[in-house]
Amino acid sequence: MSTKKVTIQVTGSGILQDDVIMLGEGVLKALKIPSGRPLQLQFGSYRREVTVIPVPRYDGLRLNQTVASKTGLVPRSVLRVSYRASSHTLRLGPYISVMVSQDYPDQPDRPFGSITMFCQELVHACRKQGAYVSFFTPEDIGAVTGYMKGWVYDEGWKKTVLPIADVVNNRLTSRKLENKPSVQHFMKEVKSLYGTHTFNEKFLDKNEVFDALKSIPTLKRVLPESHLLKASSMLKTMCQRYPVIFLKPVRGSLGKGIIRVSRQPDGSFMTLATSVGGTRKQTYASLDKLYASMSGKMKTTRYQIQQGLTLIDNSGRPVDFRALVQKNKTGKWSVTSIVARIAGGSHYVSNLARGGSLSTVKEAVSKTQLSSSAKASAYAGLHSAALDIAKGIESAIPAHFGELGIDLALDTSGRVWLLEVNSKPSKNDNTPLSESKIRPSVKAMLEYSTYLAGF
């Protein structure tokens, strides 16, 4: 379907009636839009019958203040317009909404806290590409009647009433918020009532990911042995099998709560646990005593037990990799970026929140003991594994994902391993924010949203 970009202009109600819009003559001809007859104007869930008046030597779209307030469109918005002759529908879009965890209305310059710059970047990208974006929190969801509250940008952030968008990107960072009945109801209702596409619909549990991917033969090579820890017998079996194992909270993030267990020469077991102040070390005479010490935690936290790997390191600091894999403008998975993450001095996990630092893949592997051939093929191996894992997640887990943060590692032989998959990847994990440049990750998210919306 062909589309044309138009700039929205808003006129006073006295100049233009509610059911009349003015559209550039060139746009009408290019899209074969009939003038002077009633059409359906559609923007997200907003629909209204209008008559189109052609305007010579003009490439914009004019509508009156009443219609603008009902659509939430701000003047000088740049949108695409498409025409479907079979239903006489004139569509404006794509219209994208991003669901965020929290807003701060008393901070007009930073209404979304630390992710305000990302939101601003997305507004800028939409204006360049011809799209519209709004932002909302679970608190903004009301009874679904085709409207909701949300934030738009018009020479400053403002909150207004908006239609339901063509596409919703779930950027909630809290499982508790995501599981609220109102949020779950909203995501189901907008799909069924308005055909809204929602992506990154849910958080992924570590165990869910590994169990799902185990069923795919081509991925077995990248999966360390992993199980849900249910009994001390499982701990004993894994510790007999491997000199080092990891216990990871199934729903953890940012490296929180990970416990490294290593067998010592005297038969005891040493644990290293991530904590706020650094790493806490303890020694247990037996695995029964270690398991007993965890019984309290296991009442509230489920753990994944995972094979320890002999990973490459940089001067004794473990190195792993974060691949950002996103759906592209044709709806296919594509690798947007891969960065190396080097653990902080006192940590064995590489998360930036725990003092880790970023590097290019080439630079990181050049400082390791890998063979020359393993160094040369490292990026290609990580790239291939990331794509295969994203496709595997899509085929094995029944949910719609548009972007995944895939954490990978290389062992000392150069073999690629999967560490975990994050369905809400941070927007600060790949490249730094810039006020003038739109990052590839933001561009990809917008292009996939445009594809989903049908523009």
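Q: Which elements each supply at least two residues of the lining of the largest cavity?
A: Helix H3 (116-129), strand S9 (132-136) and strand S10 (147-153) do. Keep in mind that this is a predicted model.

Q: Which of them gives the largest share of that lining?
A: H3 does, with 3 residues.

Q: What volume does the largest cavity have?
A: About 80 Å³.

Q: How many cavities of 30 Å³ or more are there?
A: The count comes to 2.

Q: Back to the largest one. Which residues line the cavity?
A: Ser77, Val78, Val123, Cys126, Arg127, Ala131, Tyr132, Val133, Val152 and Tyr153.

Q: How do they divide into nonpolar, polar and charged?
A: The lining has 8 nonpolar residues, 1 polar and 1 charged.

Q: Cys126 is in that list. How many disulfides does the structure hold?
A: The structure holds 0 disulfides.

Q: Remind me, what is a disulfide?
A: A covalent bond between the sulfur atoms of two cysteines.

Q: Is cysteine 119 buried or exposed?
A: Cysteine 119 is buried, at 0% relative accessible area. Cysteine 239 also counts as buried, at 4%.

Q: New topic. Which strands close into a barrel?
A: There are 7 of them, in the order S1-S5-S2-S4-S3-S7-S6. Their pairing is mixed.

Q: And what does the twist average from one strand to the next?
A: It averages 40°.

Q: In which sense do S6 and S7 pair?
A: Antiparallel, over 5 bridges. S6 covers residues 78-84 and S7 covers residues 89-93. Within this pair, tyrosine 83 has leucine 90 in S7 as its bridge partner.

Q: What is its relative accessible area?
A: Asparagine 179 has 48%, so it is partly exposed. Exposed would take over 50%.

Q: How many residues separate asparagine 179 and phenylalanine 203 in sequence?
A: They are 24 residues apart. In space, C-alpha to C-alpha, they are 9.9 Å apart.

Q: Now glutamate 403. Which strand does it lie in?
A: Strand S24, residues 403-410.

Q: Is that glutamate buried or exposed?
A: Glutamate 403 is buried, with a relative accessible area of 0%. Buried takes a value under 20%.

Q: What separates the C-alpha atoms of glutamate 403 and aspartate 205?
A: A distance of 16 Å. Along the chain the two are 198 residues apart.

Q: How many residues of S24 are buried?
A: 8 of its 8 residues.

Q: What about the faces of S24?
A: Both are covered. Glu403, Gly405, Asp407 and Ala409 are buried on one side. Leu404, Ile406, Leu408 and Leu410 are buried on the other.

Q: Which strands pair with S24?
A: S24 pairs with S21 (residues 317-327), antiparallel over 6 bridges. There, phenylalanine 321 stands opposite leucine 408. S24 also pairs with S25 (residues 416-422), antiparallel over 6 bridges. In that pair, leucine 410 stands opposite valine 416.

Q: How many residues are between S24 and S25 in their hairpin?
A: There are 5. In the turn, glycine 414 has a positive phi of about 95°.

How values were computed:
Residues numbered from 1 in each chain as written. Predicted model: local features only at pLDDT ≥ 70, side-chain atom pairs only at ≥ 80, totals over all residues. Heavy atoms only, no water. 1 Å grid on protein atoms, 1.4 Å probe; cavity = no way out; pocket = protein on both sides within 12 Å on 5 of 7 lines; lining within 4 Å. Points joined across faces, edges and corners; volume = space filled by probe spheres on them. Helix = DSSP H or I, 4+ residues; strand = E, 2+ residues; numbered from the N terminus. Nonpolar A, V, L, I, M, F, W, Y, C, P; charged D, E, K, R; others polar. Pairing = 2+ DSSP bridges. Axes fitted to C-alpha atoms, helices over the stretch in contact; angles between N-to-C directions. Disulfide = S-S within 2.5 Å. Buried < 20%, exposed > 50% of the residue type's maximum accessible area, 1.4 Å probe, protein only.
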